[in-house]
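Grab a pencil and open the 3D view. The exercises below walk you through a model, one step at a time.

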Amino acid sequence: MASPYFLILFLFTISFFFLFFILCYLLRPKFWCKCEICNSYISASWSSKFTNLCDWYTHLLKESPTRTIHIHVLGNTITANPENVEYMLKTRFENFPKGKTFSTILGDFLGRGIFNVDGDLWKFQRKMTSLELGRNSIRSYAFEVIHDEIQQRLLPLLSCVAKKDEILDLQDVFRRFSFDSICRFSFGLDPKCLELSLPISEFAISFDLASQLSAERALNVSPIVWKIKRFLNIGSEKKLKKAIKMINILAQEVIRQRRKLGFSNHKDLLSRFMGTIANETYLRDIVISFLLAGRDTVASALTSFFWLVARHPQVFEKIRDEADKVIGKNHEITNCEQLRELHYLQAAVYESMRLFPPIQFDSKFCLEDDFLPNGTFVKKGTRVTYHPYAMGRMEELWGSDSLEFKPERWINKDGVFFRENPFKYPVFQAGLRVCLGKEMALVEIKSVALSFLRRFHVELVHPSHHTPRFSPGLTASFRGGLPVFVSENSSTTNACSLKQT
Ligand code: HEM
């Protein structure tokens, strides 16, 4: 005879699955749709023709006369029309907040940090952050951190790899570099990720995992899937919980240490915020948002920049020639002002992010029924997404050579870099929530690009791969990294060894 425990277990399992299916049915997406696009999305049949989801969306957006499409099963309207983008991000900003769905997805990881909130909480952090980031003292601190990381870690590491003629994953190097830089800038803490002799910090590993698993929540057709997993503490949600716990322990430790040592004469962002905010969880949320904002984006921008430059040696030559002319051969860059004079370099960075924006798409939530300027109706409670990746590939916005890497398109007839309408190029978002770290990011990307290209030559291990394959995540990253060979330029070897002696 079966034991009563077995019977109870059996009944519990049956009731659990019954409840699960009822819940799935009740909470299924409102628009269970059989249209061609939705079918292709659900069955992933798009992947037989396109390398990445963003390439498929780009194709659909190019085909659409309004440059707007609907993925009904996701309740998502996607647009590549600059007028629509301006409407969402500026004209009707109040009607297109981040919304509850987004903040719930990222809530466990980002808490109430600036990325994840709307309304008064956002206004307060936005004001405080722009005030701090606008100060000259913090700009020179950022420059100091970036240059120290380049001189003390990045260049010696590249020299060492070049001598050994080994394959190097540049994406991994840039992720370590930008993690060290943003941690030093935000916390005043040095995780030393670029010291390859040390194991990668537990903080960096947990941070990566939490970011990846949080992004994967958004790929579910219904949020109920990850919510049930979270409730039962199983699978990816169990891993996410563990990673967030680790981040929290480490962040709280850093905050406590800062408080103990005194924060008034420290230059990092956390110390500056500590003067105004006492709540530890809130401080943790603010700083974690900064790490997310400033780490993967910069690493992503650098990775695609080097992928493109390695395939376009003429761009590489022009960047070096300009630097030699403006800064002087064998002279180091010493301040941000010099970087501003490098118009071609700036153009090359903007051009690479046009083709490969670090944040490929960005979603908002529609509060009240609305019409976008091109006549598209957006229903209350649904998502609207603008798509910088697709926008960077539209012929009507960039011309018939839109798929080519041509930094020259950003240079006017006087040889000066000019900015495009930000709603046509929303790589840093635009309007009221435009990226607050844009200037810092540009200084970081240009400084790395310059120091690297003036001393080293880079060659792709797989030059025949014409389109990168991206991994799912909040920020674009190359699946399989960016394997390269690095060699030292003979003309600069002397300058480097002179500097080291
Ligand atoms: C190439 C590098 C970068 C790119 C492409 C980029 C892009 C963006 C984008 C698209 C947003 C809007 C995200 C959203 O609201 O969903 C954003 C917001 C933000 N970024 Fe950046 N970012 C970069 C680097 C940085 C860096 C280095 C920092 C900090 C030091 C930073 C700080 C921020 C902050 C604080 C926000 C939130 C602004 C707000 O909500 O009001 N970003 N960024």
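Before we start, one cut-off: buried means under 20% relative accessible area, exposed means over 50%, and partly exposed is in between. Keep in mind, too, that this is a predicted model.

**Exercise 1. Decide whether Phe124 and Tyr282 are buried, partly exposed or exposed.**

Step 1: Look up Phe124. Its relative accessibility is 37%, so Phe124 counts as partly exposed.

Step 2: Now do Tyr282. Its value is 9%, so Tyr282 counts as buried.

**Exercise 2. Describe two aromatic pairs by their geometry.**

Step 1: Know what to look for. A pair of aromatic rings is described by the distance of the centres and the angle of the planes.

Step 2: Search the whole structure, and you get 29 aromatic pairs. One of them joins Phe124 and Tyr282: the rings are 6.5 Å apart centre to centre with 25° between the planes, and the pair is stacked. Phe124 belongs to helix α6 and Tyr282 to helix α13, so this pair links distant parts of the chain, 158 residues apart.

Step 3: Trp307 is in helix α13, while Phe356 is in the loop between α16 (343–355) and β4, so the pair ties together parts 49 residues apart in sequence. Both Trp307 and Phe356 are buried.

**Exercise 3. Work out what surrounds the ligand.**

Step 1: Count the shell. It holds 25 residues, and the closest are Lys98, Trp122, Arg126, Arg433 and Cys435.

Step 2: Sort them by type: 16 are nonpolar, 4 polar and 5 charged.

Step 3: Lys98 has a polar side-chain atom 2.7 Å from an oxygen atom of the ligand. For Arg126, a side-chain N or O atom is 2.7 Å from a ligand oxygen. Asp362 has one at 2.9 Å.

Step 4: Trace the shell back to the fold. At least two residues each come from α6 (119–134), α13 (280–311), β4 (362–365) and α19 (438–455). Helix α13 gives the largest share, 4 residues.

**Exercise 4. Find the largest nonpolar core and follow one of its residues.**

Step 1: Recall the background. In soluble globular proteins, nonpolar side chains tend to be buried together.

Step 2: Here the largest core has 100 residues, and Leu450 is among those with the most contacts inside it.

Step 3: List partners of Leu450, leaving out residues up to four places away in sequence: they include Ile319, Ala323, Ile327 and Leu345.

Terms used:
Residues are numbered from 1 along each chain as its sequence is written. This is a predicted model: local features need pLDDT of at least 70, side-chain atom pairs count only at pLDDT 80 or more; totals for chains, interfaces and linings use all residues. Side-chain values use heavy atoms; hydrogens and water are left out. A residue is near a molecule or strand if one of its heavy atoms lies within 4 Å of it. A polar contact is a pair of N or O atoms within 3.5 Å; within protein, one must be able to donate a hydrogen and the other to accept it, and residues adjacent in sequence count only if both atoms are side-chain atoms. Ala, Val, Leu, Ile, Met, Phe, Trp, Tyr, Cys and Pro count as nonpolar, Asp, Glu, Lys and Arg as charged, and the others, Gly among them, as polar. A nonpolar core is a set of buried Ala, Val, Leu, Ile, Met, Phe, Trp, Tyr and Cys residues joined through side-chain atoms within 4.5 Å. Buried means under 20% relative accessible area, exposed over 50%, partly exposed in between (1.4 Å probe, protein chains only). Contact means heavy atoms within 4.5 Å. Rings of Phe, Tyr and Trp (its six-membered ring) pair if their centres lie within 6.5 Å; planes under 30 degrees apart count as stacked, over 60 as edge-to-face and the rest as tilted.
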